[in-house]
Amino acid sequence: MTAHDRRVALVSGATSGIGLAVARSLAAQGHAVFIGARTAENVTATVARLREEGLEVDGIALDVRSNESVRAFVHAALARYGAIDVLVNNAGRSGGGVTADITDELWFDVIDTNLHSVFRMTREVLTTGGMRQKSRGRIINIASTAGKQGVVLGAPYSASKHGVVGFTKALGNELAPTGITVNAVCPGYVETPMAQRVRAGYAAAYETSEDAILAKFQAKIPLGRYATPEEVAGLVGYLASDLAASITSQALNVCGGLGNF
Ligand SMILES: NC(=O)c1ccc[n+]([C@@H]2O[C@H](COP(=O)([O-])OP(=O)(O)OC[C@H]3O[C@@H](n4cnc5c(N)ncnc54)[C@H](OP(=O)(O)O)[C@@H]3O)[C@@H](O)[C@H]2O)c1
């Protein structure tokens, strides 16, 4: 594949966990991948690490909560690699607690980071990023099984991810005639730094150990274990491929059977 016909993919939150695995696998599939996350030094280090693996990756700092940052990010990607073929909205945060005690600050930040960000990034990629002019495109939103079922002590998170699933279904139907597909990937429990923070949060809330929380969570998963970031990235890579052209407006689980709808 020449540089000219190499497809361009954007991945938000690609310095850790699922986003890192997605960036690596899309690049290994032959995409030029432009990555972003808030911590600039982690973006630089991740770009260097993936380039050492022989992959075509670049990136800059990105805060998906800011229209200006999102615009600058998409402009930079366009200047570096050309019009965008694949957008993976992966950046996100956990957050919750006893709902009656949740502050405005926490509620709005979880919704902004996980839901408004998906609209912001998508709009910018369709317009500035040039996807709207293409006859083929892929928008893949990393939601969660918490976007299909309620999670105790996770009301803002569950609300944000249900919103991502709804946005995905509506935009998928809207864009179906254009050749741009829009899907959500819904991980259950995936072993990442976020998963470790979530276990620590529940251990504190229930006054127990993180190991006890891990055992409790694993017992809920029919497969008996967390998924790996690479297993989530595998589905993202498939959805980005030509063969997935007829899959749109879907919310697909990667969860070891935790959710089965
Ligand atoms: N792990 C799970 O069990 C699980 C399950 C279901 C769904 N998910 C979803 O999967 C996605 C990735 O989760 P993960 O477990 O891989 O998390 P992670 O290990 O905490 O990684 C999160 C990534 O997002 C970046 N990020 C956070 N806030 C950002 C912002 N405002 N702007 C730009 N980048 C931001 C982080 O870098 P900076 O902090 O430097 O910005 C980091 O690169 C999230 O949407 C999460 O909700 C995860």
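Predicted model: local features only at pLDDT ≥ 70, side-chain atom pairs only at ≥ 80, totals over all residues.

Visitor: Which elements give two or more residues to the shell around the ligand?
Guide: The ligand is surrounded by 29 residues, of which the closest are Gly13, Gly17, Arg38, Gly92 and Met194, where a residue is near if its C-beta atom, placed from the backbone, lies within 6 Å of the molecule. Helices are DSSP runs (H or I, at least four residues), numbered from the N terminus. The elements that give two or more residues to this shell are H1 and helix H6 (193-205).

Visitor: How do the residues of the shell around the ligand divide by class?
Guide: Ala, Val, Leu, Ile, Met, Phe, Trp, Tyr, Cys and Pro count as nonpolar, Asp, Glu, Lys and Arg as charged, and the others, Gly among them, as polar. On that basis the shell around the ligand divides into 12 nonpolar, 13 polar and four charged residues.

Visitor: Is H1 oblique or roughly perpendicular to H8?
Guide: Helix H1 (residues 17-28) and helix H8 (residues 229-240) pack at an angle of about 45°, with their axes 8 Å apart; axes are lines fitted to C-alpha atoms, for helices over the stretch in contact, and angles run from 0 to 180 degrees between N-to-C directions. Angles under 35 degrees count as roughly parallel, over 145 as roughly antiparallel, 65 to 115 as roughly perpendicular and the rest as oblique. The angle between these two helices therefore makes H1 oblique to H8.

Visitor: Which residues of H7 make the contact with H6?
Guide: H6 and helix H7 (residues 210-220) pack at an angle of about 110°, with their axes 8 Å apart, which makes H6 roughly perpendicular to H7. Two residues are in contact if their C-beta atoms, placed from the backbone, lie within 7 Å. Arg199, Ala200, Tyr202 and Ala203 of H6 make this contact with H7, whose residues are Glu210, Ile213 and Leu214.

Conventions: Residues numbered from 1 in each chain as written.
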